Amino acid sequence: MSMIEFHNVQKFYGHFHALHDINLEIDQGETVVLIGPSGSGKSTLVRTVNGLESIQKGKLIVNGHDLSDPKTNLNILRSDVGMVFQHFNLYKNKDVLENIMLAPRIVSHIPEEENKKQALDLLDMVGLRKWAHNMPSQISGGQKQRVAIARTLAMKPKLILYDEPTSALDPEMIDDVLQVIKKVTNESGMTSLIVTHEMGFAKEVANRVIFMDQGRIVEDDDSESFFKQPKTERAQQFLSKIISH
Amino acid sequence: MKKKFWLLPLLACILMLTGCGKSVNDQSVLKNAKQSNTIVWGVKGDVKLFGLIDVRDGQQKGFDVDMAKHITKHILGPQGKAEFVTTTSQSRIPLLKNGNVDAVIATMSITPERKKIISFSKSYFDAGQSLLVPKNSSIKSTKDLNGKTVIGVVGANSVANIKKVAPKAKVIELQDYAQAMNALKSHQGDALTTDNGILFGLAVQNPGYEVRGGTFTVEPYGVAVNKGQTSFTEAVDKAVLEMQHNGEYNRLIKKWFGDVPGFKYKELYRR
Amino acid sequence: MINIFAKFSSQLLVGLGWTVLSSIIALFFSLIIGTIFAIMEVLPSKVMRVIGHAYVEIMRNIPLLVITMFFYLVIPMYVVKINGFTAGTIGLTLYTSAFIAETIRSGIQSVSNGQMEGARSTGMTYWQAMRYIILPQAFKIVIPPLGNQFVNLVKNSSVLAFVAGFDLMYQANSIASTTFDTINSYLVVGVLYLIVTLPISYYMRHLEKKLG
């Protein structure tokens, strides 16, 4: 069964054509990595999936909800679709534990005790339990991103979107975060759509790779074949540049 | 934070000092007036019939203003100039005390309290306090005022008088007669009280309202001058007396009050 | 100055009471109204934004005295009788609410967009995100400028004097005109205003330090 379906989707910012005729189907349980040069529309595509960006034409169905229909309740959709941002976006006015517990409490109405136990378990999982009562401003970028992942998991999403989760991190922090993402994708069976520039990580975690350029999907292949030898010349160029760096 | 605390007493001291030092009273107003050939009068600007600014030419017009012009000629001679400064009930005494005006002729009753701090000429107009009400009002006289709201003007003694004749009336004070009249129209009060001359002026401007209940006080208007200016006070008294003898006074009374409905202007004539 | 206070202390304290009461009422309602219009000004709906903006621009660009006179003189003539204290307090509330709305709006807009996106991406509604995430952060940012608005509010309450609202300024006018001691009458109420406003100023400064 498919989790995400794009049918001839077009996205414009004014006159700028951000997404060209996107057709894409992602099945439940897939881990899909989205790569491509900056400005190629990867982030925009990911953000249309939970409705943070609207689409102008075509049909987009996520977890059974039709995002091209203005009557669709995005809040219900979003409670099943988690998102991890480049800049973490932790709530600055809440401590680490509250960041994780807030949405389960006010969106899913989980009993407080259960909610707290789940939050602490999640903090254990990302290795940050002792930071539970610190404010976001008191922890490092890598720690923030791990809290953000825990916050997303607390909603028990069916799909997680990662929008360049390590781009804003210092190099020595990146690995911890990638380990957590790997653990989540391997163990949970959730669907994941990941925008990243970390090719080694992509190779390890993905079972499918989508290469985008100038707002179009240029290549869509299983991970192994893509990283062995991309079919298109543009993807080959991109890959050789990235790896030689 | 500590620095700021000494500012407060300092500020208070400065303000008090500026209030204390003054020398206006030491100079003879009459002598200065004769030297400059000008008398500066404080008059009303919002009181019809006594002192009202004419929006067409910006000049104050009314009985008080005409009196001031005539008195000026009597004191300084035909070339004497009268200058006018608009005052309110609230500002007229401070302006006089500060020396901004030489004399005040602004519907000002001679009262013992005021006499403690300024001097008055003899009365030049005999007013009395009365009430202005809507024509359909149930208020007939001051007896009906208890429990009602009466509008007065800040700085006028009419407010204190009302408290004497109708202790249970609620009194609110507004900034000037125009606002007091507007408040009466907006039903913020049941009656407006002040001197009958002023009230008749308001009644002329506002059909639908009338003066009721006769006068319940005697309010002799006087020209106010600073204490110690005896020579000037005497000169004013002399001028007013001359005007009464030669009929100028009665002509001014007729000019301003002759057409006011319900006002027995001839009772004000003086010989 | 002491003499004036001693002689008219009951009248002055009544005035102080009305000034403080009017200020508290106006503070309470202008905070609520100001917050509502601040939120309207940042809503996604263009109609709401225009309404919010129109309210703020109209209220803060008309003199307080005009708004107050409107409620004191015009409304009673055509709608309902309201006394001077009420008219003055309504005027004060509406006028202040426009400035509070502007202050809070700028506070909301200084909270980064990522906070809203982070909250919305977990399934919170716009209003939940506002209530739990955006507004608490916005209020923290705007505490110092809000403090200034509160001090202004207390000072502006002297508009009550013009509509017979029995406040401190009204009593000052009344005392000045009965005693003819203008300077000391206004000095006394000046000090009484300071007694109300200085603690607010200092408390706000303290709060600012504590939060910053």
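## Helices H5 and H6 of chain A

In this predicted model, the axes of H5(A) and H6(A) cross at roughly 15° and come within 8 Å. Here helices are DSSP runs of H or I with at least four residues, strands are runs of E with at least two, and both are numbered from the N terminus. Axes are lines fitted to C-alpha atoms, for helices over the stretch in contact, and angles run from 0 to 180 degrees between N-to-C directions. H5(A) and H6(A) are therefore roughly parallel to each other, a label for angles under 35 degrees, with over 145 counted as roughly antiparallel, 65 to 115 as roughly perpendicular and the rest as oblique. The crossing of H5(A) past H6(A) is right-handed; that word applies if the near helix is turned clockwise from the far one by less than a right angle, and left-handed if anticlockwise.

On the H5(A) side, the contact (heavy atoms within 4.5 Å) is made by Gly142(A), Gln145(A), Arg146(A), Ile149(A) and Leu153(A). H6(A) brings Met173(A), Asp176(A), Val177(A), Val180(A), Ile181(A) and Val184(A). Sorted by class, the contact of H5(A) with H6(A) has seven nonpolar, two polar and two charged residues. In this scheme Ala, Val, Leu, Ile, Met, Phe, Trp, Tyr, Cys and Pro count as nonpolar, Asp, Glu, Lys and Arg as charged, and the others, Gly among them, as polar.

Residues are numbered from 1 along each chain as its sequence is written, while chains are lettered from A and ligands numbered from 1 in the order in which they are written. As this is a predicted model, local features need pLDDT of at least 70, side-chain atom pairs count only at pLDDT 80 or more, and totals for chains, interfaces and linings use all residues, with side-chain values using heavy atoms and leaving out hydrogens and water.

## H5 of chain A also meets H3

H5(A), residues 141-153, packs with H3(A), residues 96-106, at an angle of about 25°, their axes being 8 Å apart. That angle makes H3(A) roughly parallel to H5(A). The crossing of H3(A) and H5(A) is right-handed. Val96(A), Asn99(A) and Ile100(A) of H3(A) make the contact with Val147(A), Ala150(A) and Arg151(A) of H5(A). By class, the contact of H3(A) with H5(A) has four nonpolar, one polar and one charged residues.

## Salt bridges

Side chains of opposite charge can pair when their charged atoms come close. The whole structure has 25 salt bridges over all chains, each being a side-chain nitrogen of Lys or Arg within 4 Å of a carboxyl oxygen of Asp or Glu. One of them joins Lys182(A) and Glu204(A), with the closest N and O atoms 2.6 Å apart. This pair links distant parts of the chain: Lys182(A) sits in helix H6 (residues 171-188) and Glu204(A) in helix H7 (residues 199-205), 22 residues apart.

## Chain C on its own

Chain C comes to eight helices and zero strands. Its C-alpha atoms fill a box of roughly 70 × 45 × 20 Å along the principal axes.

H2(C), residues 46-60, packs with H4(C), residues 84-110, at about 125°, with axes 8 Å apart. H2(C) and H4(C) are therefore oblique to each other, and H2(C) passes H4(C) in a left-handed crossing. Tyr55(C), Val56(C), Met59(C) and Arg60(C) are the residues of H2(C) in the contact, and those of H4(C) include Leu94(C), Phe99(C) and Glu102(C). The residues of the contact of H2(C) with H4(C) divide into eight nonpolar, one polar and two charged.

## How the chains meet

Among the two pairs of chains that touch, the most contacts are between chains B and C. That contact takes 28 residues from chain C and 29 residues from chain B. Buried area is the accessible area (1.4 Å probe) that two parts lose on being put together, summed over both. Between chain C and chain B it is about 2400 Å², with carbon and sulfur atoms giving 64%.

Chain A puts 21 residues in contact with 16 residues of chain C. The area buried between chain A and chain C is about 1600 Å², of which carbon and sulfur atoms give 54%. Asn75(A), Tyr91(A) and Ile106(A) supply 30% of the area that chain A buries against chain C, more than any other three residues. Across this interface of chain A and chain C there is one salt bridge: Glu117(C) pairs with Arg47(A), the closest N and O atoms being 2.5 Å apart. No contact joins chain A and chain B, whose closest C-alpha atoms lie 30 Å apart.
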